[in-house]
Amino acid sequence: TTTSPAGEVTFGKLQQRKDLTAIAAAHKIPFVAQTAAGPHWQDLSEKAGRAAKADGPAFLNVLADCPLGWGHEARLSPTMVNGAVESCVWPLYEVEDGHWRLTYRPEEPLPVADWLHTQKRFAHLFRPEAAGLLEEIQCSVDDDWAALLERCEN
């Protein structure tokens, strides 16, 4: 975002983003889901329907891109959103009455660097002085994905 720009002094925000969907689930909201716009419209539609029927509050965390902010051509919006899902940066899942369920599993996850490389907002991660950051990001995404799979299997 423009509030944490990468530049000469810093590589931008160094903290990992908060998992808002998991935070909502921790508050025992009857229906919580994470989904995405674009190519995953059916997942979004089904979750919106379940949210509307929930016995109490519901929370949907929907990924939609911003071509200007992300730094890509608007015609690539579906590809950008899909890349987040396919790289496991933005997994699709739901938590209904405390039961976690994965709603989409990529057949062959896309390397996170391949998705990041398509956006100008992450160009600084591909400079020589950022060596190692991409591996750290991939490890973090892999750890989060593994933890989500474990929660969904229980």
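Colleague: With which side chain does the side chain of aspartate 43 make a polar contact?

Modeller: This is a predicted model, in which local features need pLDDT of at least 70 and side-chain atom pairs count only at pLDDT 80 or more, while totals for chains, interfaces and linings use all residues. Residues are numbered from 1 along each chain as its sequence is written, and side-chain values use heavy atoms, with hydrogens and water left out. A polar contact is a pair of N or O atoms within 3.5 Å; within protein, one must be able to donate a hydrogen and the other to accept it, and residues adjacent in sequence count only if both atoms are side-chain atoms. For aspartate 43 the pair is separated by 2.6 Å, and the side chain on the other end belongs to threonine 35.

Colleague: Does aspartate 43 count as buried or exposed?

Modeller: Aspartate 43 has its place in helix α2, where helices (H or I, at least four residues) and strands (E, at least two) are DSSP runs, numbered from the N terminus. Buried means under 20% relative accessible area, exposed over 50%, and partly exposed in between, with a 1.4 Å probe and protein chains only. Because its relative accessibility is 13%, aspartate 43 counts as buried.

Colleague: Which residues of α2 are buried?

Modeller: Helix α2 covers residues 41-53, and its end C-alpha atoms are 19 Å apart, in agreement with the 18 Å that its 13 residues should span at 1.5 Å a residue (the expected span is 1.5 Å times one less than the number of residues). What covers its buried residues includes β1 (31-36), β2 (58-63) and β3, while the face turned away from the buried side carries the exposed residues Trp41, Ala52 and Lys53. The buried residues themselves are Asp43, Lys47 and Ala51.

Colleague: In what order do the four strands form the open sheet?

Modeller: Two strands pair if DSSP finds at least two bridges between them; β1 and β3 pair in the antiparallel sense over four bridges, and four bridges also join β3 to β4, again antiparallel. In the sheet, whose pairing is mixed, the order is β2-β1-β3-β4.

Colleague: Which strands stand at the edges of the sheet?

Modeller: The four strands form an open sheet. Each edge strand has a single partner strand, so one side of it is left without a neighbour in the sheet, and the strands in that position are β2 and β4 (99-102).

Colleague: What angle does the direction of α6 make with that of β4?

Modeller: Axes are lines fitted to C-alpha atoms, for helices over the stretch in contact, and angles run from 0 to 180 degrees between N-to-C directions. Helix α6 packs on the sheet and touches β3 and β4 (contact means heavy atoms within 4.5 Å), and the angle of α6 with β4 is about 120 degrees.

Colleague: Which side chain makes a polar contact with the side chain of glutamate 94?

Modeller: Glutamate 94 is found in strand β3 (residues 93-96) and is buried, with a relative accessible area of 3%. Leaving aside neighbours within four places in sequence, its contacts include Phe31, Lys47, Trp100 and Thr103. The polar contact of its side chain, at 2.7 Å, is with the side chain of arginine 50.

Colleague: How many of the 10 residues of helix α4 are buried?

Modeller: What covers the buried residues of α4 includes β1, β2, α3 (67-70) and α5 (112-116). Among these buried residues are Met80, Val81 and Val85. Helix α4 (residues 77-86) is mostly covered, and the number of buried residues is seven.

Colleague: How far does the backbone oxygen of valine 89 lie from a polar atom of the side chain of arginine 17?

Modeller: Arginine 17 has its place in the segment before α1 (20-26) and counts as partly exposed, because its relative accessibility is 44%. Neighbours within four places in sequence left aside, arginine 17 is in contact with Val89 and Trp90. From the polar atom of the arginine 17 side chain to the backbone oxygen of valine 89 the distance is 3.0 Å.
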